[in-house]
Amino acid sequence: MSHTPKYLGQTSALPASPDEAVLDYVPNPRPGRPYLVRFVAPEFTSLCPVTAQPDFAHLVIDYVPGESIVESKSLKLFLGSFRNHQAFHEDCTVGIGERLVAEMQPLWLRIGGYWYPRGGIPIDVFWQTGVPPEGVWVPDQGVPGYRGRG
């Protein structure tokens, strides 16, 4: 894992796929002090693997850093690379969490994928690595269940 950001301060094209996306990590500025980092992507998109129609989600990623933190621009480009990626909601949501855990090795991570309905059924997907570290404030993700219009 390199600690020299590839994208920060550079003009950067959207990666063609999640596999081609490079996530940058930098040293945790507060090592040894457990704290929570939250990223929210309210306009995440991917494609249905059956129909190739667009799917939309509100993602919330919470993690407690270990030795490194993910650089936000590289995360934005990684998430954007799903726009032309065909996968089920479950695969996208859990796959994003698993990749961050494998590369960054946080003390704890959870991801909530709040998917907008297609076919009349909203699908929410949640994944986490285990119990959060003692003493870390983990607020509610703040995304209400889908209630339709009105």
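Trainee: Which strands does helix α2 lie across?

Mentor: Helix α2, residues 89-104, lies across β2, β3, β5 and β6. This is a predicted model.

Trainee: How does helix α2 run relative to β5?

Mentor: At about 160° to β5, which spans residues 108-115. The angle is taken between N-to-C directions on a scale from 0 to 180 degrees.

Trainee: What is the strand order of the open sheet?

Mentor: The order is β2-β3-β5-β6, 4 strands with antiparallel pairing.

Trainee: What makes β2 and β6 edge strands?

Mentor: Each of them pairs on one side only. β2 covers residues 37-47 and β6 covers 124-128. Neighbouring strands of this sheet are turned by 15° against each other on average, with direction ignored.

Trainee: How do you know that β2 and β3 pair?

Mentor: Count the bridges. Pairing needs at least two bridges between the strands. β2 and β3, the latter residues 54-64, share 9, in the antiparallel sense. That passes the cut-off, so they count as paired.

Trainee: Which residues in β3 stand opposite R38, A41 and F44?

Mentor: R38 has D62 as its bridge partner. A41 stands opposite L59. F44 faces A57.

Trainee: And how do you know that β3 pairs with β5?

Mentor: By the same test. There are 8 bridges in the antiparallel sense, against a requirement of at least two.

Trainee: What makes β3 mostly covered?

Mentor: Of its 11 residues, 9 are buried. Buried means under 20% relative accessible area.

Trainee: What stands out about the phi of A52?

Mentor: Its value is positive, near 65°, and A52 is a residue other than glycine. A52 sits in the loop between β2 and β3. That hairpin has 6 residues between its strands.

Trainee: Why is A52 called partly exposed?

Mentor: Its relative accessible area is 37%.

Trainee: Where is Q105, and what is its phi?

Mentor: Q105 is in the loop between α2 and β5. Its phi is positive, about 55°, although Q105 is not a glycine.

Trainee: Why is Q105 called exposed?

Mentor: Exposed means over 50%. Q105 has a relative accessible area of 55%, so it qualifies.

Trainee: Which class does D91 fall in?

Mentor: D91 lies in helix α2. Its relative accessible area is 48%. Exposed needs over 50%, so D91 is partly exposed.

Trainee: How far is the C-alpha of D91 from that of D24?

Mentor: The two are separated by 22 Å, and the residues are 67 apart along the chain.

Trainee: How many aromatic pairs are there?

Mentor: The count is 5. One of them is F39 with Y63.

Trainee: What makes the pair of F39 and Y63 stacked?

Mentor: Check distance, then angle. The centres are 6.4 Å apart, and the limit is within 6.5 Å. F39 lies in β2 and Y63 in β3, so the pair ties together parts 24 residues apart in sequence.

Trainee: Are these two residues buried or partly exposed?

Mentor: One of each. F39 has 21% relative accessibility and counts as partly exposed. Y63 has 2% and is buried. The cut-off for buried is under 20%.

Trainee: What makes the pair of F44 and F82 tilted?

Mentor: The centres are 5.4 Å apart, with 50° between the planes. Stacked needs under 30 degrees and edge-to-face needs over 60, so a value between them is tilted. F44 is in strand β2, and F82 is in the loop between α1 (72-80) and α2. They are 38 residues apart.

Trainee: Why are F44 and F82 called buried?

Mentor: F44 has 3% relative accessibility. F82 has 5%. Buried means under 20%, so both qualify.

Trainee: Which residues do the ring pairs link into a cluster?

Mentor: F44, F78, F82 and W115.

Terms used. Residues numbered from 1 in each chain as written. Predicted model: local features only at pLDDT ≥ 70, side-chain atom pairs only at ≥ 80, totals over all residues. Heavy atoms only, no water. Helix = DSSP H or I, 4+ residues; strand = E, 2+ residues; numbered from the N terminus. Contact = heavy atoms within 4.5 Å. Buried < 20%, exposed > 50% of the residue type's maximum accessible area, 1.4 Å probe, protein only. Phe/Tyr/Trp six-rings, centres within 6.5 Å; stacked < 30°, edge-to-face > 60°.
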